[in-house]
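Hello,

Here is the structure you asked to take over. Please open it first, then read the notes below it.

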Amino acid sequence: MPDGRGLHTVGHHERVRIGAGRELVGRESQHVVRAHRDGVDRYLAIHHGDPGCDPSRVVVRAVENCRTGRVRWHAGTGVLVAELLFDARLRAGDTYLFSYGFEDGTAGASGEYVRGFSFAGGQYVLQVRFDEAALPVRCRRFAQVSAGAPRGVARS
C-alpha cells in the first residue's frame with residue numbers, strides 16, 4: 001500500500017549493530033521504493049533511540065543515491081527525523097534504491113529493537129549484529145498492530 005508521500009516500499013533490508021555495552025551503536029537501511037505519483041524526490045527516515053538517547057548527537061549518514069536534507073529531533077523522546085533527498089525526481093511507476101544510516105551509541109543498554117510500519121507492503125529483513133562481548137542468550141520477536149495495542153506472543 002502506498003504512503004502519503006507518494007512511495008510504496010518494495011523491500012527494506014535493515015542492519016542493526018549492538019555494541020559491547022549492549023547499546024544500540026547504529027543501524028543502516030537499504031530501501032527499495034516505487035513511486036505511485038510523479039515528482040517524488042525525498043523520503044523521511046525516523047530514528048527512535050533507546051531511553052536516554054541524545055538525538056542531537058546521533059549522526060545521519062546518506063550512503064547511496066540520496067543526500068541528507070533537513071534533520072529535526074526531540075530531546076525528550078529521543079526521536080530524530082531526517083529528510084533524505086533523492087538524486088532524481090521519480091515518476092509514477094519508477095523504482096528507486098537508496099541507503100542511509102544512523103550512528104547512535106548515545107543511550108545505555110538496549111533491551112529491544114522495535115520497528116514500526118505506517119503501511120503494509122513489501123519485504124522487510126532485519127539483521128542484528130552483536131559485539132562478541134555482548135552476545136544474547138536468546139532473541140525473541142513480537143508483533144503488535146499499533147503502538148498502544150498489546151504485543152502478540154513472543155517467540156525465540
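A search of the whole structure turns up 0 disulfides, a disulfide being a pair of cysteine sulfur atoms within 2.5 Å. In general terms, such a link is a covalent bond between two cysteines' sulfur atoms. C66 is buried, at 10% relative accessible area. C139 is partly exposed, at 45%. Here buried means under 20% relative accessible area, exposed over 50%, and partly exposed in between, with a 1.4 Å probe and protein chains only.

Before you go further, some ground rules. This is a predicted model: local features need pLDDT of at least 70, side-chain atom pairs count only at pLDDT 80 or more, and totals for chains, interfaces and linings use all residues. Residues are numbered from 1 along each chain as its sequence is written, and side-chain values use heavy atoms, with hydrogens and water left out.

Next, the largest pocket. It holds about 1300 Å³ of space. The search ran on a 1 Å grid over the protein atoms alone; a pocket is an open set of points where a 1.4 Å probe fits, with protein on both sides within 12 Å along at least five of seven lines, and lining residues have an atom within 4 Å of a point. Points are joined across faces, edges and corners, and the volume is the space filled by probe spheres set on them.

The lining has 33 residues, and Y113, V114, R140, R141 and F142 are the closest to the pocket's centre. By class, 19 are nonpolar, 6 polar and 8 charged. Nonpolar covers Ala, Val, Leu, Ile, Met, Phe, Trp, Tyr, Cys and Pro; charged covers Asp, Glu, Lys and Arg; the others, Gly among them, are polar. Strand β8 (123-130) and strand β1 (7-18) each supply at least two lining residues. The largest share, 4 residues, comes from β8. Strands are DSSP runs of E, at least two residues, numbered from the N terminus.

Now look at E14, in strand β1. E14 is buried, with a relative accessible area of 0%. Its side chain makes polar contacts with the side chains of R27 (2.5 Å) and Y113 (2.8 Å). A polar contact is a pair of N or O atoms within 3.5 Å; within protein, one must be able to donate a hydrogen and the other to accept it, and residues adjacent in sequence count only if both atoms are side-chain atoms.

Last, two loop residues. R22, between β1 and β2 (24-35), has a positive phi of about 65° although it is not a glycine. N65, between β4 (59-64) and β5 (66-74), has a positive phi of about 60° and is not a glycine either.

Best wishes
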